[in-house]
Each structure stands twice: as C-alpha cells, then as structure tokens.
Amino acid sequence: MVDLIFTKYLKADISYRGVTRVETYPFPKDAIREAVFNAIAHKFYGALIPIQISVYADRLYIANDCIFPEDWTLDDLMGKHRSRPYNPLIANTFFRVGFIEAWGRGIEKIKESCKEAGNPMPEYTIKREDIMVMFKSLVSHTDQGTNQATDQTNQNADNSVTARILKVIETEPMLSQKKIADIIGEKYSTVKYYMESMKKSGVIKREGSSQKGKWIIL
C-alpha cells in the first residue's frame with residue numbers, strides 16, 4: 001500500500017549526487033509507512049469502513065475508525081505513552097516481521113521523520129470513533145513559488161548533466177557521445193543536446209575525427 005502511494009500518486013523531485021540519482025518526495029516515506037501501519041493495527045474493523053487515504057499536492061490524509069482509549073487525550077497521544085493497540089494480534093504480527101521496531105513509538109517516529117525531512121509536524125484530529133492525521137508537504141502553491149521551484153529544478157538538472165559529462169570527458173576524452181550517455185545513464189539525444197550546447201558556449205570542443213578524435217575541456 002505504501003509503495004503504491006509513492007509510485008502512483010506522488011511525484012518525486014529528481015536531483016543528482018555525483019552520478020547517483022536522488023528522488024525526493026513531498027512527504028517522508030518512513031512517516032507515511034508508520035502512519036499506515038498504525039491505522040491498520042488500531043483500526044476498529046467492526047465499523048466495516050476501509051482506511052481512507054487522500055493524496056493532494058500539498059497534503060496527505062490518513063483516517064480510520066478506531067476505539068480511542070477513554071482516558072487518553074491528544075496530548076497523551078502525541079507525547080510519550082505505552083502501547084495500547086486495539087488489535088494486539090495484528091500489532092504483534094507487525095512486530096515479529098519487523099514493521100514495528102519498538103512498542104509505543106509510532107507517533108514519535110512519525111514526528112522524527114517529518115523533522116528530519118524538514119516537513120511540518122503532522123496534525124492529528126481525534127473524535128470519539130475515528131482519528132485522522134494530516135501530513136503537509138513543503139510545496140509552495142503560489143504561482144511565483146511554483147515558477148521559482150520549476151526554474152531551480154530545471155537549472156539543477158542542467159548543471160547536473162553538464163557536470164557529469166565533463167567528469168567523464170576529463171577521465172576518458174576519447175569516448176563517443178553514445179558511450180558517455182551509457183556511462184551517466186542518460187539518453188543519447190539528451191547528451192548530444194547538452195554537448196552541442198557546451199560546444200557553442202565554448203565549454204568543450206572536439207579535436208580530430210568522430211572516430212579517432214577526442215574531447216577537450218576549454
């Protein structure tokens with residue numbers, strides 16, 4: 001379920017660390033996974049209502065019917081507390097297969113994951129027979145913010161491809177554009193476009209023939 005949320009309903013920002021592709025999602029995956037496991041372990045299945053997950057560009061909701069302990073408040077839930085799963089057999093199964101690492105630390109782990117990713121803290125809404133958690137992303141939804149983010153992403157992508165091409169040329173200047181594309185994991189047409197732009201900009205030049213020549217960084 002968690003993988004489906006991230007592969008089908010969420011779009012990752014792509015960046016590179018050297019030649020390694022890095023995907024950054026708007027919500028921390030560890031936090032979403034923990035919230036889904038919490039919903040399954042604490043759900044009141046007698047209501048016959050499925051767990052509800054709503055995904056938007058800037059927020060994500062996870063809601064489920066539950067029987068909340070009568071002596072608990074929202075402060076109890078968000079603070080340090082002992083584990084009291086409504087479905088102990090499900091919770092114990094999760095623990096045995098490694099989905100739960102420690103009892104009573106689910107919400108604490110969710111908050112830690114959001115903090116580490118730089119996301120706002122999740123917001124919980126608790127009613128007598130249901131609980132809902134809302135995760136907020138870091139996506140800006142003003143036109144200016146969107147344009148700036150898009151421009152920055154495009155610029156980062158351009159710089160990343162250029163840097164990786166130059167790194168390959170520096171060590172192996174005799175390679176063809178197709179070989180360079182294979183090494184850095186980009187399409188041949190993409191590498192050809194960037195290298196032509198780099199030639200026009202005076203960043204690199206080709207010396208010799210296409211078969212026996214070499215690339216020179218200016």
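Author: Let's go through some labels one by one, with the cut-off behind each. This is a predicted model, in which local features need pLDDT of at least 70 and side-chain atom pairs count only at pLDDT 80 or more, while totals for chains, interfaces and linings use all residues. Residues are numbered from 1 along each chain as its sequence is written, and side-chain values use heavy atoms, with hydrogens and water left out.

Reader: What makes Asp 3 and Lys 29 a salt bridge?

Author: The label asks for a side-chain nitrogen of Lys or Arg within 4 Å of a carboxyl oxygen of Asp or Glu. For Asp 3 and Lys 29 the N to O distance is 3.0 Å, so the pair passes the definition. Asp 3 sits in helix α1 (residues 2–9) and Lys 29 in helix α2 (residues 29–42), so this bridge ties together parts that are 26 residues apart in sequence. Helices (H or I, at least four residues) and strands (E, at least two) are DSSP runs, numbered from the N terminus.

Reader: How many salt bridges does the structure hold?

Author: Nine. Another one joins Arg 33 to Asp 30, with the closest N and O atoms 2.8 Å apart. Those two are three residues apart in helix α2, which puts about one helical turn between them. Then there's Lys 136 with Glu 123, at 3.0 Å, N to O. Lys 136 belongs to strand β6 (residues 130–136) and Glu 123 to strand β5 (residues 123–126), so that pair links parts that are 13 residues apart in sequence.

Reader: Why is Asp 3 called partly exposed?

Author: Buried means under 20% relative accessible area, exposed means over 50%, and partly exposed is in between (1.4 Å probe, protein chains only). Asp 3 has 49%, so partly exposed it is. Lys 29, with 30%, gets that label too, and so does Glu 123 with 38%.

Reader: How do you know that the buried residues of α7 line one face?

Author: In helix α7 (residues 177–184), the buried ones are Gln 177, Ile 180, Ala 181 and Ile 184. Seen down the axis, they fall within an arc of 100°, so they line one face. That arc is taken from the directions from the helix axis to the C-beta atoms. The face turned away from the buried side carries the exposed residues Lys 178 and Asp 182.

Reader: What makes a group of residues a nonpolar core?

Author: It's a set of buried Ala, Val, Leu, Ile, Met, Phe, Trp, Tyr and Cys residues joined through side-chain atoms within 4.5 Å. The largest one here has 23 residues, and those with the most contacts inside it are Ile 32, Leu 60, Ile 62, Ile 110 and Phe 135. Two or more residues each come from α1, α2, β4 (59–65), α5 (106–117) and β6. Helix α2 gives the most, with seven. Apart from this core lies another, of 14 residues, among them Val 161, Ile 169, Met 198 and Trp 215.
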